[in-house]
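Biologist: Hi, could we go through this one together? I'd like to ask about it bit by bit.

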Amino acid sequence: MSEKLDAGATVVIVGAGLGGVRVAENLRTGGHQGPVVMIGAETHPPYDRPPLSKKVLTEPAGRPDLKPDEFYTDSSIELRTGEHVDAVDAAAKTVTVSRADGSTYEQPYDALVLATGLLPREFPGAEGVDGVYTLRTIDDAEKLRGAIGEHPDGAAVVIGAGFIGCETAASLHTLGMSVTLVEPAPTPLAQAVGTEIGGLVTRQHTDKGVTVRSGIGVDEIVTDGASVTGVRLSDGQTVPADLVVVGIGSTPVVGFLDGSGIELASREVGGGIACNEVGRASAEGVFAVGDVANWRDHGGTQVRAEHWNHTVEQAAIVAAALLGTDHAVVPAVPYFWSDQYDLKIQVLGWPKADDEVHVVSDDGNKWLAYFSRDGMLTAVAGAGKVGAVMKTRPKLLTPTPIADVLPD
Ligand SMILES: Cc1cc2nc3c(=O)[nH]c(=O)nc-3n(C[C@H](O)[C@H](O)[C@H](O)COP(=O)(O)OP(=O)(O)OC[C@H]3O[C@@H](n4cnc5c(N)ncnc54)[C@H](O)[C@@H]3O)c2cc1C
């Protein structure tokens, strides 16, 4: 059911990242006339995050802004950067905002869109240690790039071989550092795509000269009292490091909702803000999009994803729900990509780590694989196989036996 806005209604968006910007843009292109206020804690105008682990590290790329500055004025979107929403009063329909100078104010809303993203997990005990980095913001990326510049031929350890860890390892290697990638699971990306595809990703890194230590944990980040000097693994070995990047996952930014009565999803289903299938949260007029949002999917399962396309699609759906045009929304096939070295890895569909995996081509570098469950196609993944991956989309939109896509 849609929650159509009055023509002059005020929409407040908390979080000026991809999800926030796309909701604001969709509201304007969909014809909403009332005030759209976007409040972002970072001091920068909204920028794109995928380049942070790639081009922003490897090239003098500058900040990858999502929109030119004039977009916000031309679209009458009131962008308030450097301001933090501290609390939501869902009964009074106001948010409490603090400015950098310590002053606070109350901002009323008719509709509230929460797009607050994630905070990276720190390695326990290594918070604030010099030479230890996480990667979520442009400021993080610039700090890391500065550190790489100080140790151009140095040693780096990346803890965690999820997508951000793998991409960062590739970038550090590309810049000439000697890189060790450490992952407690049996392979990189095992949780996302299983160990068979994870093995292909391991090969991609080891062929380039990155040392992949999977199936092993990290006991401690070792310091000389002030700066990092290495990483002690659970087998007792210490890998020397001039810098360490921690990529051990992130947590949804929901602390500001304490006491708001807005329902959160349980940790078992990924946490974040509990929403229905158009992003509506439990309080009237409140929606959530992007990495922080845990939506009910069309099968009735609560799902929280941390991917760019997912955020863009959710933003279009939330705007449509607010504009009362959500009947036109078509369910999408989940998609994400990851650029590592010169290869684009793409995953389309609903892969599960325990799906059956069918690698149908592999030339030692580029590969293509289908995933199936109970004899039915669930997903496709490829490296350097853009056309073949994308061609599978229609087959994922309808139930397709795996036999129909496998070569004879
Ligand atoms: C390094 C990196 C690489 C990535 N690479 C890929 C990739 O290759 N492919 C892919 O599919 N996805 C990738 N992603 C994921 C993709 O960027 C995210 O899915 C997307 O940015 C999510 O957008 P969002 O709007 O939900 O959150 P964000 O972009 O994180 O924006 C949230 C904003 O809200 C602000 N905020 C939080 N709390 C408050 C508050 N209380 N008040 C005001 N503001 C607040 C934050 O400061 C932040 O600016 C990558 C992410 C990172 C970090």
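Biologist: Where is the place of threonine 168?

Modeller: Threonine 168 is in helix 5. Helices here are DSSP runs of H or I with at least four residues, strands are runs of E with at least two, and both are numbered from the N terminus. Before we go on: this is a predicted model, so local features need pLDDT of at least 70, side-chain atom pairs count only at pLDDT 80 or more, and totals for chains, interfaces and linings use all residues. Residues are numbered from 1 along each chain as its sequence is written, and side-chain values use heavy atoms, with hydrogens and water left out.

Biologist: Is threonine 168 buried or exposed?

Modeller: Threonine 168 is buried, because its relative accessible area is 0%. Buried means under 20% relative accessible area, exposed means over 50%, and partly exposed is in between, with a 1.4 Å probe and protein chains only.

Biologist: And what does threonine 168 touch?

Modeller: Leaving out residues up to four places away in sequence, threonine 168 touches Ser53, Leu57, Leu135, Leu144 and Val245. Contact means heavy atoms within 4.5 Å.

Biologist: Switching to rings, how many aromatic pairs does the structure hold?

Modeller: There are 4 aromatic pairs. One of them joins phenylalanine 71 and tyrosine 72, edge-to-face, with 5.0 Å centre to centre and 85° between the planes. Rings of Phe, Tyr and Trp (its six-membered ring) pair if their centres lie within 6.5 Å; planes under 30 degrees apart are stacked, over 60 edge-to-face, and the rest tilted.

Biologist: Why does tyrosine 72 count as buried?

Modeller: Tyrosine 72 counts as buried because its relative accessibility is 5%. Phenylalanine 71 is buried as well, at 14%.

Biologist: Why is the pair of phenylalanine 163 and phenylalanine 336 edge-to-face?

Modeller: Their ring centres are 4.8 Å apart and the planes are at 75°, so the pair is edge-to-face. This pair links distant parts of the chain, with phenylalanine 163 in helix 5 (residues 163-174) and phenylalanine 336 in strand 22 (residues 335-340), 173 residues apart. Both phenylalanine 163 and phenylalanine 336 are buried.

Biologist: Which residues form an aromatic cluster?

Modeller: Trp308, Tyr335 and Trp337 form one.

Biologist: Back to phenylalanine 71: which residue has its charged end over that ring?

Modeller: That is lysine 67, whose charged end is 4.9 Å from the ring centre of phenylalanine 71. A charge sits over a ring if NZ of Lys or CZ of Arg is within 6 Å of the ring centre and within 35 degrees of the ring normal.

Biologist: Now the ligand. How many residues surround it, and which are the closest?

Modeller: The ligand is surrounded by 35 residues, and the closest are Gly19, Glu42, Arg49, Lys54 and Arg136. A residue is near a molecule if one of its heavy atoms lies within 4 Å of it.

Biologist: How far is alanine 41 from a nitrogen atom of the ligand?

Modeller: A backbone N or O atom of alanine 41 is 3.0 Å from a ligand nitrogen. Histidine 84 has a polar side-chain atom 3.3 Å from a nitrogen atom of the ligand, and a backbone N or O atom of histidine 307 lies 3.4 Å from a ligand oxygen. On its own the ligand has 1,000 Å² of accessible area, and the protein covers 95% of that. Those areas come from the Shrake-Rupley method with a 1.4 Å probe; for residues, only the protein chains shown count as cover.

Biologist: Which elements give two or more residues to that shell?

Modeller: They are helix 1 (18-29), strand 2 (36-40), strand 4 (84-89), helix 5, helix 7 (308-323) and strand 22.

Biologist: New topic: where is threonine 116?

Modeller: Threonine 116 lies in the loop between strand 7 (111-114) and strand 8 (118-120). At 19% relative accessibility, threonine 116 counts as buried.

Biologist: Which backbone oxygen does the side chain of threonine 116 reach?

Modeller: The backbone oxygen of valine 253, at 2.8 Å. A polar contact is a pair of N or O atoms within 3.5 Å; within protein, one must be able to donate a hydrogen and the other to accept it, and residues adjacent in sequence count only if both atoms are side-chain atoms.

Biologist: What about leucine 189, what is its phi?

Modeller: Leucine 189 has a positive phi of about 55°, although it is not a glycine. Leucine 189 sits in the loop between strand 11 (178-183) and helix 6 (190-208).
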